[in-house]
There are 2 protein chains.
Amino acid sequence: MYDMTIQLRTDSGKCLYEQIYEHIRQEIREGKLLAGERLPSTRSLAEYLQVARSTVDYAYDQLLSEGYIEARPYRGYFVCPLENLFQLETEDEYFLNISDLEGRPSLLSGREDCLYDFSPNGIDMTGFPFGVWKRITKNILNDGNSELFAQGEPQGDYDLRLTISRYLHASRGVNCTPEQIIVGAGNDYLLMLLEKILGRHVRIAMENPTYKRAYHIFQSFAYEIVTVDTDKHGMIVSKLAQQNARAAYVMPSHQFPTGAVMSIGRRAELLRWANGAKDRYLIEDDYDSEFRYRGKPIPSLQSTDKNGKVIYMGTFSKAIAPAIRVSYMVLPKVLLERYFRECYFYSCTVSRIDQRILNEFIRDGYFERHLNKMRKRYRAKHDLLLECLQPFERQFAISGEDAGLHLLLHAKQPRAEEELIGSAAEHGVRVYGLSDSFVAETPERGTVLLGFGALRDEEIVEGIGHLKDAWL
Amino acid sequence: MYDMTIQLRTDSGKCLYEQIYEHIRQEIREGKLLAGERLPSTRSLAEYLQVARSTVDYAYDQLLSEGYIEARPYRGYFVCPLENLFQLETEDEYFLNISDLEGRPSLLSGREDCLYDFSPNGIDMTGFPFGVWKRITKNILNDGNSELFAQGEPQGDYDLRLTISRYLHASRGVNCTPEQIIVGAGNDYLLMLLEKILGRHVRIAMENPTYKRAYHIFQSFAYEIVTVDTDKHGMIVSKLAQQNARAAYVMPSHQFPTGAVMSIGRRAELLRWANGAKDRYLIEDDYDSEFRYRGKPIPSLQSTDKNGKVIYMGTFSKAIAPAIRVSYMVLPKVLLERYFRECYFYSCTVSRIDQRILNEFIRDGYFERHLNKMRKRYRAKHDLLLECLQPFERQFAISGEDAGLHLLLHAKQPRAEEELIGSAAEHGVRVYGLSDSFVAETPERGTVLLGFGALRDEEIVEGIGHLKDAWL
């Protein structure tokens with residue numbers, strides 16, 4: 001066992017896990033840790049370094065995924081022999097790419113590797129009714145229904161689609177039959193299916209800034225992406241009309257990252273635009289419509305669409321858990337026919353057991369209760385954060401505070417975003433730059449995102465306290 | 001409650017569930033069953049008609065999925081109001097498409113809707129260790145590890161990839177590190193990812209006949225598909241060489257549908273072909289290599305590949321259960337770099353809980369035990385089937401009997417495939433035509449596939465007895 005002493009600095013701007021990861025990687029590269037050597041267990045190293053065990057876990061995960069060390073069941077972690085050490089030429093680039101993974105979900109979100117991580121992707125899992133979930137799972141497995149292990153319907157099991165259609169109708173005004181719903185393992189996959197439905201060479205309009213992951217995905221389809229300016233009501237439709245786009249990707253309920261809620265008037269304009277040509281569509285990503293703090297909930301864009309122009313997408317990642325991997329897409333009937341024609345051979349990507357668990361969780365009212373609880377919790381955190389931010393109001397403007405799990409702080413005087421992020425990191429606080437979400441020109445003014453979903457009350461208070469030291 | 005009397009015929013060539021489905025659909029269309037009317041429960045209708053409950057289940061499923069009826073929790077099945085009855089213009093085409101879904105997995109496979117269904121997609125779930133699976137699931141959920149509900153690594157969790165890499169090395173000689181493995185929800189999804197890695201405009205070579213689902217998927221990528229003739233050793237490489245293809249999709253361990261096992265010499269030739277150009281690849285679909293009855297197991301093509309030319313794909317659908325929805329793809333290192341560059345933002349499509357269950361199931365030896373048991377069972381069924389087929393040998397040649405869960409019967413005298421299938425159906429036996437798997441010219445000679453995976457011994461004996469009446 002290698003006795004590992006690592007000088008950890010809390011004032012370096014580097015997260016603890018990164019420091020541990022880099023130290024061990026260095027030791028392996030320099031031959032100070034030899035192939036076959038056993039690393040200390042995460043528990044003992046965490047105790048030794050006086051850090052959270054998850055911090056060490058995450059450093060080891062990173063080393064594992066890069067092939068520096070390997071895990072041997074029941075024995076521990078061992079340094080890989082050099083010939084097994086797979087050298088990526090672009091290794092640093094890869095690491096960069098991953099840390100670079102801005103947009104909503106992120107590999108690094110929700111981890112305790114920084115003192116205070118205001119990730120906009122973090123969600124609060126402490127309120128999740130694990131007990132109920134376990135019980136439903138157990139009951140389903142106890143049914144001993146071997147049907148569950150057989151192949152299901154390509155679109156997803158009918159019962160789940162029925163339950164989702166009812167939920168969407170009740171909560172979001174979405175008008176659809178279960179036949180129009182496609183269940184899939186994540187929005188990314190559903191967008192891949194949508195590519196097969198819409199076809200190649202689609203010119204697609206996006207807001208700027210926008211949800212970067214969707215942008216990357218459309219890029220990987222080689223779609224021609226055009227950006228359209230926005231004002232406080234949302235995408236400016238007169239500018240959209242000049243772009244000759246075939247589809248527009250929008251988040252009317254709560255734009256990411258700006259947090260803007262699209263006005264009713266703008267929605268009507270958007271629908272008029274879509275009605276202006278035969279094969280023109282709006283992709284409505286309603287990713288976190290469940291959490292809204294001010295004003296009445298505005299129904300989905302889909303609910304006012306009379307002509308089958310809206311492709312509605314949603315997910316259970318935010319409202320239940322990221323690992324659930326269940327998203328859904330509601331297709332207008334004309335596209336549904338194309339789905340049947342072009343995609344009938346793609347089998348469903350969600351296991352039937354998971355579909356059944358989720359179905360019962362929603363159908364039997366647990367989901368609604370969970371949402372109500374989380375809405376309350378998130379509202380409390382949101383209000384607390386706003387309160388803590390009062391001292392900032394002279395120097396910063398706040399926006400995007402009506403809904404969702406993050407808000408934005410805009411420096412009133414020109415201040416570089418990097419400077420804001422860097423000085424926050426020096427004070428142990430991780431904040432996220434708005435510029436990561438820009439896909440066209442980026443404005444000068446420094447703006448950061450503050451997510452509060454995963455933080456405890458005292459972390460919000462303390463974290464903002466440190467930010468005050470850093471910025472004011 | 002509607003009192004439903006349906007004349008079921010066992011000699012009509014139509015499956016029972018289809019007769020029930022068509023009867024009810026007709027009643028609804030003609031207004032004899034009115035909107036809001038409650039249908040009998042599946043249990044009571046099954047008792048009344050003296051059929052298996054699953055037969056009624058399946059008829060109702062079909063009506064549900066087409067929107068003729070709806071399920072109301074705790075209340076039963078009701079006829080949909082007409083305005084909710086979504087009329088697909090291509091409804092019949094859709095239904096055709098689905099029944100048409102030959103190839104390995106199929107919506108209709110493994111159902112008890114025919115007396116004897118020799119589906120090549122059927123697998124035997126009665127030997128599955130549900131108890132173990134349940135226990136692992138329960139333990140994992142009891143761990144209360146909320147990490148499991150957080151977002152995992154895009155490629156799949158490292159532990160599972162490590163376990164898969166070890167399993168593949170031990171059982172198939174596959175050489176890879178866990179870093180090279182991408183875990184995904186089904187082969188279809190992994191092929192979609194592969195499209196992003198290989199890019200557009202790929203000219204791909206396939207055998208004829210081949211696995212039709214893969215063919216449809218490549219078609220949906222707008223790949224240029226060329227077919228290459230085969231002989232008893234597999235794809236004829238001299239003919240492949242004339243095609244200027246960039247990739248070839250092959251199933252060397254057990255070709256679907258022919259059941260051929262590619263010879264060692266032919267494998268070496270294929271690899272030489274792939275080595276002949278820089279960006280040329282072989283896609284090895286090793287979908288059911290676990291079950292082999294004659295000769296020594298031949299290692300995977302990937303195991304003899306020294307130059308990173310083989311993309312290896314496998315699935316747990318056959319060896320565990322179709323609903324598991326876990327497949328994996330092993331990328332050569334040069335393509336892995338492209339994956340990191342082009343696909344890093346696609347999140348994993350398999351839930352972490354499922355990944356963890358599967359990991360423990362394999363790691364702790366249950367998978368191996370299960371495979372050993374199933375190998376024995378399938379071998380017994382396979383031997384029994386061959387024995388039952390002895391009376392056919394004067395008129396039919398048998399092939400593809402060395403491995404897998406189906407074999408082929410070729411009429412020695414010209415007999416139309418439809419005639420064989422039709423007369424079998426009249427005797428209550430469903431067999432599958434080889435012509436469904438052809439993607440280019442189809443030979444005249446009648447050939448049918450007989451799958452035995454899902455059938456019980458007595459069903460094999462009785463079913464083949466009926467076939468004898470039908471064909472000899």
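Tutor: In this predicted model, the lining of the largest cavity consists of 14 nonpolar residues, four polar and two charged. (Ala, Val, Leu, Ile, Met, Phe, Trp, Tyr, Cys and Pro count as nonpolar; Asp, Glu, Lys and Arg as charged; the others, Gly among them, as polar.) A cavity is a set of points on a 1 Å grid, over the protein atoms alone, where a 1.4 Å probe fits but cannot get out, and lining residues have an atom within 4 Å of a point.

Helices are DSSP runs of H or I with at least four residues, numbered from the N terminus. Helix 12 of chain B supplies the largest share of the lining, four residues.

The two copies of helix 5 also pack on each other. Helix 5 (residues 130–142) of chain A meets helix 5 (residues 130–142) of chain B at an angle of about 180°, and their axes are 10 Å apart. The two helices are therefore roughly antiparallel (an angle over 145 degrees). On helix 5 of chain A, the contact (heavy atoms within 4.5 Å) is made by A:Trp133, A:Lys134, A:Thr137, A:Lys138, A:Leu141 and A:Asn142, and on helix 5 of chain B by B:Trp133, B:Lys134, B:Thr137, B:Lys138, B:Leu141 and B:Asn142. By class, this contact between helix 5 of chain A and helix 5 of chain B has four nonpolar, four polar and four charged residues.

As to confidence, the predictor gives the complex an ipTM of 0.70 and a pTM of 0.74. Chain A averages a pLDDT (the predictor's confidence in each residue, from 0 to 100) of 85, and 89% of its residues score at least 70. Over residues 83–113 of chain A, however, the pLDDT is below 50, and this stretch has 73 contacts in the model beyond near neighbours in sequence.

Residues are numbered from 1 along each chain as its sequence is written, and chains are lettered from A and ligands numbered from 1 in the order in which they are written. Local features need pLDDT of at least 70, side-chain atom pairs count only at pLDDT 80 or more, and totals for chains, interfaces and linings use all residues, while side-chain values use heavy atoms, with hydrogens and water left out.

Definitions and conventions:
Axes are lines fitted to C-alpha atoms, for helices over the stretch in contact, and angles run from 0 to 180 degrees between N-to-C directions. Angles under 35 degrees count as roughly parallel, over 145 as roughly antiparallel, 65 to 115 as roughly perpendicular and the rest as oblique.
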